[in-house]
Amino acid sequence: MPVRERGARAGARRAFFDGTPTQVAHIRTWCQQAMKLPADQGGPVLLTVSELASNAVRHTASGGRFGRVEVGLELLPGKVVLLSVTDDGPRVGRGVTLPQLPCRVDALAEGGRGLRLVDAVAEKWWWSGEPGRPLTVWALIDPDRDTGSTVGLPG
């Protein structure tokens with residue numbers, strides 16, 4: 001069960017989730033409810049939060065024992081959504097990795113497309129924090145933007 005909090009600003013919400021792969025579905029559900037947008041308009045936000053939360057669980061200490069993922073969501077004027085996903089920092093014994101678009105994606109590889117999808121759907125995305133410590137990945141998303149042809153999804 002996530003721990004939910006109201007954000008400091010009106011319309012801002014945040015919640016903490018266990019860092020297990022099964023929690024990603026709960027994160028999507030929480031985001032859909034927090035956005036208070038019709039179901040047909042939340043797709044880009046749900047895709048983005050799913051990719052960012054999955055990356056946090058897969059690549060950081062968030063996916064380890066007692067790990068967690070913090071998700072923030074703020075509905076800005078014009079129905080634009082500011083989304084943030086914060087991890088627990090790097091896993092012990094593994095090198096520091098930073099969110100970045102891969103130069104190439106192997107068409108047959110299992111992964112490597114998540115941030116490319118985020119890049120295609122979001123108006124802008126970036127990360128903040130100090131390498132080697134918890135990082136937050138941010139995305140600014142316009143749910144009304146037609147991204148179907150960009151990411152190969154029905155528009």
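User: What should I know before I start?

Analyst: The model is predicted, so local features need pLDDT of at least 70, side-chain atom pairs count only at pLDDT 80 or more, and totals for chains, interfaces and linings use all residues. Residues are numbered from 1 along each chain as its sequence is written, and side-chain values use heavy atoms, with hydrogens and water left out.

User: How many helices and strands does the chain have?

Analyst: Start with the terms. Helices (H or I, at least four residues) and strands (E, at least two) are DSSP runs, numbered from the N terminus. Here the chain has 4 helices and 6 strands. Along the sequence the pattern reads β-β-α-α-β-β-α-β-β-α.

User: How much of the chain is buried?

Analyst: Buried means under 20% relative accessible area, exposed means over 50%, and partly exposed lies in between (1.4 Å probe, protein chains only). In this chain of 155 residues, 40% are buried. Now the surface. Accessible areas come from the Shrake-Rupley method with a 1.4 Å probe, and for residues only the protein chains shown count as cover. The chain exposes about 9,000 Å². Carbon and sulfur atoms supply 53% of that area.

User: What share of contacts joins residues 24 or more positions apart?

Analyst: A contact means heavy atoms within 4.5 Å. Take the contacts with a separation of 6 or more: 58% of them join residues 24 or more positions apart.

User: How do I read a helix?

Analyst: An α-helix has 3.6 residues a turn, so residues three or four places apart point the same way. Look at helix 2, residues 43-59. The expected span is 1.5 Å times one less than the number of residues. Helix 2 has 17 residues and reaches 24 Å from its first C-alpha to its last, close to the expected 24 Å.

User: Is helix 2 mostly covered or mostly open?

Analyst: Mostly covered: 12 of its 17 residues are buried. Among them are P44, V45, L46, L52 and V57. The cover includes helix 1 (23-35), strand 3 (68-75), strand 4 (81-86), helix 3 (114-121) and strand 6 (135-141).

User: Which residues touch the most other members of the largest nonpolar core?

Analyst: In soluble globular proteins, nonpolar side chains tend to be buried together. A nonpolar core is a set of buried Ala, Val, Leu, Ile, Met, Phe, Trp, Tyr and Cys residues joined through side-chain atoms within 4.5 Å. The largest one here has 30 residues, and I27, W30, C31, V71, L73 and L83 touch the most other members. Strand 2 (12-18), helix 1, helix 2, strand 3, strand 4, helix 3 and strand 6 each supply at least two residues of this core. Helix 2 gives the largest share, 7 residues.

User: How many aromatic pairs are there?

Analyst: A pair of aromatic rings is described by the distance of the centres and the angle of the planes. Rings of Phe, Tyr and Trp (its six-membered ring) pair if their centres lie within 6.5 Å; planes under 30 degrees apart are stacked, over 60 edge-to-face, and the rest tilted. This structure holds 2 pairs. F17 and W30 are edge-to-face, 6.1 Å centre to centre with 70° between the planes. F17 is in strand 2 and W30 in helix 1, 13 residues apart. F17 is buried at 1% relative accessibility, and W30 is buried at 5%. W126 and W138 are stacked, 6.1 Å centre to centre with 5° between the planes. W126 is in strand 5 (residues 124-129) and W138 in strand 6, 12 residues apart. W126 is partly exposed at 30%, and W138 is partly exposed at 25%.

User: Which residue lies over the face of W126?

Analyst: A charge sits over a ring if NZ of Lys or CZ of Arg is within 6 Å of the ring centre and within 35 degrees of the ring normal. K124 lies over the face of W126, 5.2 Å from the ring centre.

User: What does a positive phi look like here?

Analyst: Most residues other than glycine have a negative phi. F66 has a positive phi near 65°. F66 lies in the loop between helix 2 and strand 3 and is exposed at 74%. K79 also has a positive phi, near 65°. K79 lies in the loop between strand 3 and strand 4 and is partly exposed at 32%.

User: Is S62 buried or exposed?

Analyst: S62 is buried, with a relative accessible area of 0%. S62 is in the loop between helix 2 and strand 3. Beyond its neighbours within four places in sequence, S62 has contacts including G19, A56 and D87.
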